[in-house]
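Here are my notes on the complex you sent over. Have a look at the model first, then go through the points below.

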Amino acid sequence: MTAIALETSVPSRRLPRWLPILAILIAAYGIIPVIGTSYLFEAILLPFLALSLAALGLNILTGYAGQLSLGSAAFMAVGAFAAYNFNLRIPGLPLIVSLFLAGLTAAAFGILFGLPSLRLRGFYLAVSTLAAQFFVKWALTRFGWLSNYNSSGVIDAPPLTLFGLQFQGPLGRYLFALTIVVVLTALAARLMTTRSGREFIAIRDNEIAAKVFGVSIFRTKLLAFGLSSFIIGVAGFLWAFAYLRTVEPDGFNLDRSFSILFIIIIGGLASIRGAFFGAALIVVFPLLLSRLGALIFGGVFDSGVLDMSQRIVIGALIILFLIAEPSGLVALWDRLTRKFLVRR
Amino acid sequence: MSTVYRDIITRAKTLGLAAAVSLTAFGAFAGSDAARADEQYFPLQSYRVGPYAAGGTGFFGGFIDYLNLINTRDGGVNGVKLTWDECETQYEVERGVECYERQKSHANIAAWNPLSVGIAYAMIDRITADKVPLITVNHGRTDSTDGRVFPYVFPLLLNPYSETSGIINYLASREGGLENLKGKKIVVLYHGSPYGRETIPIYELLAQKYGFTVNQIEVPHPGNEQQAQWLTIRREKPNYVVLRGWGVMNPVALKTAQKTGFPADHIIGNVWSNSEEDVIPAGDAAKGYTAITTQASGSQYPVLQEVVKTVYGAGKGNLDDKKRIGSVYHNLGIVNGILNVEAVRIAQEKFGHRTLTGDEVRWGFEHLKLDPARVEALGAKDLFHSINVTWDNHEGDGRVTFQQWDGEKWKVISGWIAPDWQLLRPIIEKSSEAYAKEKGIKIRTSDSAAAE
């Protein structure tokens, strides 16, 4: 992991940094809402946004601060169920406040389960974060109060309201999720260039050296866990309330934690964009493949055979990607665009 | 390796990748087929891979076989062809939602049949907004039985509370009356999913009412390790164990029960623990095991014979393994096909012999009355009993029966039993009214339902 440089140290050679960001924002707010269908919002963009945000959170912890975690799905669950309960128990609480409190609750859990990181490293730490995964699921199924005694342990999403604005329908929920993701991404990107962000990297690259230079290991590691879990908790809220509109504790299982980890590995560790690249691959690509498969072979094979072959294709492609570019899709993209720009 | 060579390889790789991605994108989004006239489309969110594939292939196989039968034998329903396609969910909620969004763009949707409580929960808001019925035969959200609050959701034949009541009534009959349940001990071993947890409160309630003690133990999904749970059961020494399993959890439960010395004939399976796929892998550990069902197994019923002759005879059968024809899941798929097709037929009598909208099919389901004579005319006598769905009762008073596994096949050991609907209805209404309040739903009355 030491080979990964700070993203800011690799500026784009030709284009100003703000131009692609502006283009993406114009597309996301101006063009997609006009041309998008409900399928695009509900099945592609909403899970993409929620998982991107979760991956962004994990990337702060794993990519920047070098602490491996397998508890992401648990922190997502904490965020979703905390927001649900704040919303339910305190009448009249604005949604944005319960969202913020949910993030804080997730952050508190993150710090609690981050405590072992002060003594454990690498795979040992990853295994200890598994405890979060099992504890949260156990607590959510054991204590009916948390799901308001719904007999199935399933919670229903409240309407999304922000500053008196109702976000209804696929488009409204997309804009809601998009705004939250944009704000948090901007904050995270800014944070990584501050002193705290650099301390994360210092700890990742050499803990002892960082200590010698006066970086507080205790404070920095727990800050990384707290920040990361805050963002992941908000992502859990988006997953539950903007995307699925219902949620059960099993929806946040270990598979989800792994897929978030894979997103940042494939997308690019220690990179803000990496989370989005990786999520695009993990969320969108299987759907494209499955639709293509259904279109071409739908009449010939049954859906089970198609699904199995898609898994093989996706697995093989992931291996190919990682061989072609072990630093992730971000590095691949940079190489591609740089060549393209130089050619002109 | 020279840098030029490496550069060429890199460029070729990226180019190939870009081409592949754009090709996939084009193919996937360009293909939306235009709707043909006079067809009724069934979107099938099926699952043929994953831990629940046995249930998925059997159920959707039976459903498709019956739709095929109607198309081949009758040329559709009054000339309206039935069409369908499948979208693989693996029993996962987010895949089910994706499938819903994918399939709903198709015109002329009759009804949704996801066969998953989790997916059904996620769809309730969506199908209500889109005005298309959602069928959850033998499972689903119990309070959606109340059609006053859930106009588009139909837990047909048997909702989870009725199943519970049916099982308790059966146990009482084995003990010689409801009063003899007093002081008995029952363990409920349930699947760790929304489906499994759905009946927790109703067991507690019935335990209080009849004076037995109940201990409900969760088995985490998918349930292939149950040593700890069965050791607890052995310590507790219950009179009966109710198995609310699903998929691989069931044979594992039966085998582990045998290992810990709990007799199979004191284990009662629920409606999703009652198939051949649940008992055959358990071998002789399943001998004597009893389970509730809404539809008998076997292929001797006339409708099954016609499926064998017309559909499988023409090589269009959906099951790869012909031995599974007439199995519990396959027959449930057939019964589900009958219920869906008859709802369309009933709605056609009101709205005309043409393609119907989802809301019109919903009217058909709300008037889905199949008395035993009609069931016999459909070739399903003794396959299932009857159904009588009304605007406010979306379950339709389905009857249950009990079957015992003799090591070779299921043997029916009871008549058609009616669950205690009068007892359950107030609990259901309380829950659905709370939901209506939470969501701001206006409760329908018989006048407003008739005016729709």
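1. How many bridges link β5(B) and strand β7 (residues 240-244) of chain B, and is the pairing parallel or antiparallel? There are 5 bridges, and the two strands run in the parallel sense. One you can check by eye: B:Val188 has B:Val242 of β7(B) as its bridge partner. Bear in mind that this is a predicted model.

2. β5(B) also pairs with strand β6 (residues 213-220) of chain B, again in the parallel sense, over 8 bridges. In β6(B), B:Pro220 is the bridge partner of B:Gly192. As for burial, strand β5 (residues 185-192) of chain B is mostly covered, with 7 of its 8 residues counted as buried.

3. On confidence, chain B averages a pLDDT of 89, and 92% of the residues score at least 70. The highest mean in chain B belongs to strand β3 (residues 134-135), at 97, and the lowest to helix α1 (residues 3-30), at 44. I'd flag residues 1-36 of chain B: pLDDT stays under 50 there, and the model has 19 contacts beyond four places in sequence for that stretch. For the complex, the predictor gives an ipTM of 0.80 and a pTM of 0.84.

4. Now chain A, which has 13 helices and 4 strands. Its radius of gyration is 20 Å, close to the 20 Å the globule rule gives for 344 residues, so chain A is as compact as a globular protein of that length. The C-alpha trace of chain A spans about 55 × 55 × 40 Å along its principal axes.

5. Inside chain A, buried residues make up 49% of the 344 residues. Of the contacts in chain A with a separation of 6 or more, 77% come from residues 24 or more positions apart.

Definitions and conventions
Residues numbered from 1 in each chain as written. Chains lettered and ligands numbered in written order. Predicted model: local features only at pLDDT ≥ 70, side-chain atom pairs only at ≥ 80, totals over all residues. Buried ≥ 20, exposed ≤ 12 C-beta atoms within 10 Å, placed from the backbone. Pairing = 2+ DSSP bridges. pLDDT = per-residue confidence, 0-100. Contact = placed C-beta atoms within 7 Å. Rg over C-alpha atoms; globule rule 2.2 N^0.38 Å.
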